[in-house]
Amino acid sequence: MELLLVFVIGLLYAAGVYLILRRSMVKLLLGIMLLGNGTNILIFLLGTITKGKPPVIDEAYKVFQEIYADPIPQALILTAIVISFGLTSFAIVLLKRVYALVDSDDLDDLNTPEEEDL
Amino acid sequence: MIDNHILAPVFVHLFAAIVQLIFWRKTITQRFISVGGSLIGLLVAMRLFSKVHQEGILTMNASDWDAPFGIVFVADLLSVTLVVLTSIAAFAVSIFSSVGLSRQRMLYGYFPIFHFLIMGLHGAFLTGDIFNLYVYFEVIIISSFVLMTLGGRKAQLEGAVKYMAMNILASTFFLTGIGILYGITGTLNMADLSFKIKDVQNQTLVGITSCFFIIGFGIKSAVFPLYYWLPSSYHTPPSAVAATFGGLLTKVGIYAMLRVFSLIFIPDDFICTLLMVLAVLTILTGAFGALIKTNIRRLFSYLIVCHIGFMMGGIAMFSKIALMGAVFYLIHDIMVKTNMFLIAGVIRQLRGTMDMEKLGGLYKEYPKISLLIALVLFSLVGIPPLSGFWPKIFLFQEAFTQHQYFFVGVLIFGSFITLFVIAKMWSKVFWKDVPENVEIEDKFASMELYRKIMMVLPVGILAAATLYIGLNAESIVKISEQIATQLIDTRPYVEAVLGN
């Protein structure tokens, strides 16, 4: 399981970086999303995966008797997912607006000369 | 000491934002709430500062979960100093934006978002939990995205794409670093991390993790190879927004770097050298960029980059005196950089443009405003006894002690270029006559008197703060010294959070 996740993380990071380096805005967006997902799985993996041991103490005891699944990485991932959901939806709307204004998907076209406003 | 008032500055701005959301589209009420809220926030922050100054580090455990298990908020001297400075800047910007912004922007929620941004900044300074720091960073960037795009002009949206992509990338790096850090230590509390990290056997992994933090914070604070988003986006939003960004957002990156590299990763030789190289290149490239720009705000954007290098150099030397210099420079820089962008807004109001080639003759027409602006420009350059001068003494002193002669040279070069571009700007904008065949569009003269005052007053407030920092340097040096001592010797911080 761990080994599989390691490969998935590597793949997601590599694909994310590759897509970010492209000139297309949509690919930039996809790259950011893939990187975010790669990070989430990385946190999940580094919290050491424990199968079928919920962090619940048995009624008879006061402390944990055996190794249990760490709930914190999952809380962190949940927070990170919600945040990246918000950021991604903002990014999608922004890129759509830019596309409507610039009429191009190429990041190199985003160079309108000085324009001023207050 | 446990004290629940630590969160007061955060809550003041949170409530101000919520109340403003209730008064959606009622811009006059929102303006009053914004200025009033910022004033209350400033008073609360000052109270917190004096309390921390007298009683030492205060902490607060969220929901009474004991540290290191719950989220802890810590107000040490560095945090509260930055909270006070942020509050002053927020107060000035809120006054400026109540007259300096178009009505359309106010209608679509400028003020609530501005207060959410300030709330995020306060939270980031006060938290003692590294994942909570990440969450506050996200609060900051999502609010700044909205502020940057509000208005929806083409140039603004184009700048926002670069800004958004780089900042999300920075957060991803930061989060990756946090993930690895949790994996190798099993804690997120910064005080707890500070000694658990020493027990990690694989110290190479710790070094690599610290590089993730350097990249993440480096993008946010605009350090050499990672800063290109800043000059290509900061000149696009309205001046009030640019002032908040230029004065405060890059400094959060510096704050985070100071915190993480003093508490968690104690810089070894490799990290120090890396930071020093980055600092030198940041100063050089920022200075060269500032040389060729004719638009005032683009010029200021490059000066931000250049001066970030000064603070990075202070962190890189990592000794008490160097950190004193860096902290003092941070204090000075927040006040001055915020003011610079407000000044750009005033100039734009006076002349209808920010291009130096089309500007001129301001001194003849508005001598009083020009002199006020001159005071700020002199502080930025660091003419003794104004505020930019003092921190450089400490940086020079420490660079000589550590035989970093190249850094000394670069510091002098950076200061000289700053002087040169500011002198060039002064003569072109204020002394030179208005160029022929340029039509002046003076919106300022036709404004009502209270609007004129509201526009110049924030520049005056920040200039007074700068003047105070410069003329009362002794007490600022004392505070910087205490902060630097706390940064070098982190035992009081750890003891305040975790007990003995």
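Student: What share of the contacts in chain A with a separation of 6 or more comes from residues 24 or more positions apart?

Tutor: It's 55%. Two residues are in contact if their C-beta atoms, placed from the backbone, lie within 7 Å. Before we go on, this is a predicted model: local features need pLDDT of at least 70, side-chain atom pairs count only at pLDDT 80 or more, and totals for chains, interfaces and linings use all residues. Residues are numbered from 1 along each chain as its sequence is written, while chains are lettered from A and ligands numbered from 1 in the order in which they are written.

Student: And what is that share in chain B?

Tutor: In chain B, residues 24 or more positions apart make up 80% of the contacts with a separation of 6 or more.

Student: How many helices and strands does chain A have?

Tutor: Three helices and zero strands, giving the pattern α-α-α along the sequence. Helices are DSSP runs of H or I with at least four residues, strands are runs of E with at least two, and both are numbered from the N terminus. Chain B has 20 helices and two strands.

Student: What percentage of the residues in chain A is buried?

Tutor: Buried residues make up 25% of the 118 residues in chain A; for chain B the figure is 63% of 500. A residue is buried if 20 or more other C-beta atoms lie within 10 Å of its own, exposed if 12 or fewer, and partly exposed in between, with C-beta atoms placed from the backbone.

Student: Why is Ala222(B) called buried?

Tutor: Ala222(B) has 28 other C-beta atoms within 10 Å, and the label needs 20 or more, so it qualifies. Ala222(B) sits in the loop between α9 (203-221) and α10 of chain B. It also has a positive phi of about 65 degrees although it is not a glycine. Most residues other than glycine have a negative phi, and most peptide bonds are trans.

Student: Where is Phe318(B), and what is its phi?

Tutor: Phe318(B) is in the loop between α12 (296-317) and α13 (320-351) of chain B. Its phi is positive too, near 40 degrees. With 22 C-beta neighbours inside 10 Å, Phe318(B) counts as buried.

Student: Which peptide bond in chain B is cis?

Tutor: The one joining Pro384(B) and Pro385(B), with omega about 5 degrees. Pro385(B) lies in the loop between α15 (367-381) and α16 (389-401) of chain B.

Student: How do you know that the span of helix α10 of chain B agrees with its number of residues?

Tutor: The expected span is 1.5 Å times one less than the number of residues. The 25 residues of α10(B), 239-263, should span 36 Å, and the end C-alpha atoms are 36 Å apart, so they agree. Note that α10(B) does bend by about 30 degrees at Phe245(B); the bend is the angle between axes fitted to the seven residues ending there and the seven starting there.

Student: What makes α10(B) largely enclosed?

Tutor: 25 of its 25 residues are buried, so the rest of the structure largely encloses it.

Student: Which helix of chain B supplies the largest share of the side that touches chain A?

Tutor: In this interface, 36 residues of chain B are in contact with 31 residues of chain A. The largest share of chain B's side, 17 residues, comes from α7(B). By class, that side has 17 nonpolar, 14 polar and five charged residues. Ala, Val, Leu, Ile, Met, Phe, Trp, Tyr, Cys and Pro count as nonpolar, Asp, Glu, Lys and Arg as charged, and the others, Gly among them, as polar.
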